[in-house]
Amino acid sequence: MQAKKRYLILFSAGACLILLLCFGGIQVPLSGRGPSRRDDRSLAGSHPGARWRRLQGYLQSFSTFEKDRSDDLGEHISPRQKRDTNSFLYTGKRCRMESCFDFSLCERNGFKVYVYPQQKGEKISESYQNILTSIEGSRFYTPDPAQACLFVLSLDTLDRDQLSPQYVHNLKAKIQSLPLWNEGKNHIIFNLYSGTWPDYTEDLGFDIGFAMLAKASISTENFRPEFDVSIPLFSKEHPRTGGERGYLRHNTIPPYRKYVLVFKGKRYLTGIGSDTRNALYHVHNSQDVVLLTTCKHGKDWQKHKDARCDKDNTEYDKYDYREMLYNSTFCLVPRGRRLGSFRFLEALQAACVPVMLSNGWELPFSEIIDWNTAAVIGDERLLLQIPSTVRSIHQDKILSLRQQTQLLWEAYFNSVEKIVLTTLEIIQDRVLEHNSRSSLMWNSLPGGLFTLPRYSTHLGDFPFFYATLGIKPYPKFTAIIHVVTPLVSQSQPVMKLLVAVAKSQYCAQVIVLWNCDKPLPAKHRWPATSVPFIVIEGESKVISSRFLPYDTIPTDAVLSLDEDTVLSTTEVDFAFTVWQSFPDRIVGYPARSHFWDSSKERWGYTSKWTNDYSMVLTGAAIYHKYYHYLYTTYLPASLRTMVDQMSNCEDILMNFLVSSVTKLPPIKVTQKKQYKETMMGQSSRASRWADPDHFAQRQTCMNKFASWFGTMPLVHSQMRLDPVLFKDQVSILRKKYREIERL
C-alpha cells in the first residue's frame, strides 16, 4: 500500500513538471551563461590597465541587465513607475567608484579636469558659468581632454525644473551626442534643482549613466555613498570667489543671544514640504522662540489661504530677518519644497547654529564634514521637542558649535569657488586614496583646501596641528639667503650676514640661492661656517625660485633673507624664539601695510613707519617650510609668472597666501629703523628699493593679488613683540638679548 502511494506521488510531480515546461512557467536557458566564479577571478588581474578593460565589459552587462529587466516590467507598471525606472534613480543606483569610474585615466597625468567647450547658441546661467570659471581657474584644469581624469559638461544642468526659465530642453539628446560622454564614465554633473511641481522628484529628466552627481537637496535614499557629492543649495547672488567672512568676530561668554531659536520664511499650504512649516506656529512664543511664516507668495495664494494666513502675515512683517538671524543662538532650517534650503548657508555665515529639520537630507559634503560638531540634527516628527532640546545644550557646547560654523563657512561654503574646489578635492581624495586627507584635516583649521595631502599625510608635518597633537616644531631653522649680485669682495653684506646667521644656536643649515647671472663662485670664496653650507643655483634665475619646496630643507622653520639684509645673531635668535610660539605665521622685522584708497577706488601699499602693519617682508622673516609648497602648487602659474617678470612682489604674494590660510596677521618683532644696506650700486638688481618703478609695481601687485583671491586677505595688527625688559631703564646685565639694545 505504501509503495503505491509513493509511485502515485512521483507520477503526480512528474506530470506537474511537464505541464509547467509546456506552458512556459519555467524557462530553461538555451545559450549563454552568467559570469562564473572563474570569470570573477579573471577580473582581478594584476595589470592595472587590463583590470579596467575587463571591468568595463562587466559593467556593460550589468547595465544591459537593468535595461532588460525594466523592459520586462514595462507591461505591468504605471507610466509614473516607468518614468522613475528609466531615470537615474534606478540605472545608476549601484554605482560606486570601484565599478563606475575608470581610474586608469588618472594614472597618466594625475587628477586633471576637462570642461567641454561651450556650444553655439547654448545659454548658460550665471551660477553655472561661475562653476565652470572656478574649475578653469583651478590648478586641476586642463584644456586637453586626453590628459583629463574627470569631465564637466558645458551644458547647463543646474536647474532641471521644467517650469524654470533656466531649464535646458532636449538635454538628453545633446549629451548623448557628445563624443567623450562614454555613458557618463568619469563625468560629474552639477545640479541645484530637480523635479517640478507638485512632487519635486529628484529625476533630472535624462539618464546620467555612470556619471557622478554633485547635487543639492539630495536624499539619503538616492545618494550613492563615496560616489556622489552632496553640495549646498546656493543662490545666484552667491559670490564666485572671495566671499564674506563669518559674522563671528569675537567670542561672547556666555554665548547666548537675544533669541534662542528663529525662523522666517514661506509656508506652503498644500503639496510636498508643507507639513513641517505649517506646524511651526505650535512652538512660536513671540519672545525667545520666533518662528515666522507667510503664505503670501505665488500668484494664487489667496485662493488657498487658510484661517491663519492673515495673522501669520501680520506677525511676519513685524520682524527684520537679518536682525533675527544675527541675534539668535539657533536657527531653524526646515525643509521647503525640496530637502535643502537657503537658510542653511545663511545660518552658517551668521554664526547661528543650524537646527536641521529635513528628514532624509544628505547634508552637504557629509563624506568629509562631521556635522554633529556644527549643527543640531532634529527630526520633523519631533518638532514640539526642539525648543526644550536646544535650551538643554550647555553653553560650552554652544560656543564650540558656533566656532565650527565659522570654520566650515569660510573653508568650504562662502563662495562658489570654495564649493566647487571642495567637490573636486573630495573626488581627488577618492582617486588618490593613499594620499587622502584625514577627518581632522577636513574639520580643523585651516580646512582641507589648504591642507594638501600630496605634501604629507602626517599631521605633524603641517604648521597648524602642533597644539592639537601636543608637539612642538623642530627646534632649528634653515636659512635661505637669496643672492642676485656677483661675489666681488669679502666685505659684501652677504658675507657678514652669512657669518651672523651661522653663529645662531638655532641654525641647522645655511642655503645660498644663487640667482645671479654670473657663474657660481668657488667654494673657498665663501666664509667657513660651523653648520652645513649649501649653494643652490636658482631655477631659471627667477625670483619665485626662493620659495620652491627644496628637499634640502631639513627643518620645519625657514629663515628667508635678502642678501643685503642687516641682522645680528641676537636678532636672529630672538625672532626664531618668537616663531616657535606662532609656527603658522610669518615672524620677522621689516613691516609694511596696505590701505584702501577711496579716491582711486583701489588698494594702496605703504612703507611709512606707523603703529599699524599687515605684512612682514620675507627679506628678513621666519615661516614654516610648508608655505613653500603652497606657494608653488596652490597659487596659479599666472601670479607667479607676473612676479617673475617684474622681479618684484614675491614677498607680498607670500603674505597674501599666509594670511589667506590663517586669517591672521603676521608678527613683527623688535623695531629697527634699518634692515637693508644702502651701499649697493644703483645698477645692481639688489638695488630695486631705489628704483622709482618699484613702488608703483607693488601697488599694481596688491590689486592683482586681491582680484585673484576675491577679497583682501591681509589683516592689520598693532602688536610688536620685544624681548623682556627691552628699552627698560635697568642694568643691561639683567637682559637676555643684550645686543639688541645697542642696535
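Reader: What relative accessible area does asparagine 186 have?
Author: Asparagine 186 sits in the loop between α9 and β4, where helices (H or I, at least four residues) and strands (E, at least two) are DSSP runs numbered from the N terminus. Its phi is near 60 degrees, a positive value in a residue other than glycine. Asparagine 186 is buried, and its relative accessible area is 1%.

Reader: What kind of model is this?
Author: Numbers start from 1 along each chain as its sequence is written, and side-chain values use heavy atoms, with hydrogens and water left out. Local features need pLDDT of at least 70, side-chain atom pairs count only at pLDDT 80 or more, and totals for chains, interfaces and linings use all residues, since this is a predicted model.

Reader: How does glutamate 183 count by relative accessibility?
Author: Glutamate 183 lies in the loop between α9 (171–176) and β4 (187–191), and has a positive phi of about 60 degrees without being a glycine. The scale runs from buried (under 20% relative accessible area) to exposed (over 50%), with partly exposed in between, using a 1.4 Å probe and protein chains only. At 31% relative accessibility, glutamate 183 is partly exposed.

Reader: Which residues does a cis peptide bond join?
Author: Look in the loop between α18 (439–443) and α19 (466–469), where you'll find proline 446. Omega is about 5 degrees for the bond that joins leucine 445 and proline 446.

Reader: What is phenylalanine 413 in contact with, leaving aside neighbours within four places in sequence?
Author: Contact means heavy atoms within 4.5 Å. Phenylalanine 413 has partners including Pro364, Phe365, Ile369 and Trp371, and also Pro232, His238, Leu345, Leu348, Leu408, Lys418 and Ile419.

Reader: How many residues of helix α20 are buried?
Author: The cover over its buried residues includes β13 (477–483), β14 (507–514), β15 (533–537), β16 (557–562) and α21 (569–579). Under that cover are Pro493, Val494, Met495, Leu497, Leu498, Ala500, Val501 and Ala502. So helix α20 (residues 493–502) is mostly covered, and of its ten residues the buried ones number eight.

Reader: Which lining residues lie nearest the centre of the largest pocket?
Author: On a 1 Å grid over the protein atoms alone, a pocket is an open set with protein on both sides within 12 Å along at least five of seven lines, a cavity is a set of points where a 1.4 Å probe fits but cannot get out, and lining residues have an atom within 4 Å of a point. Two or more lining residues come from each of α8 (126–136), β8 (259–266) and α11 (301–304). Of the 43 residues in the lining, the ones nearest the centre are Tyr200, Lys266, Tyr268, Arg337 and Arg338.

Reader: Which elements give two or more residues to the lining of the largest cavity?
Author: Its lining is made up of Val262, Phe263, Lys264, Tyr321, Met324, Leu325, Cys331, Leu332 and Arg343. The elements that give two or more of these are β8, α13 (321–325) and β10 (328–334).
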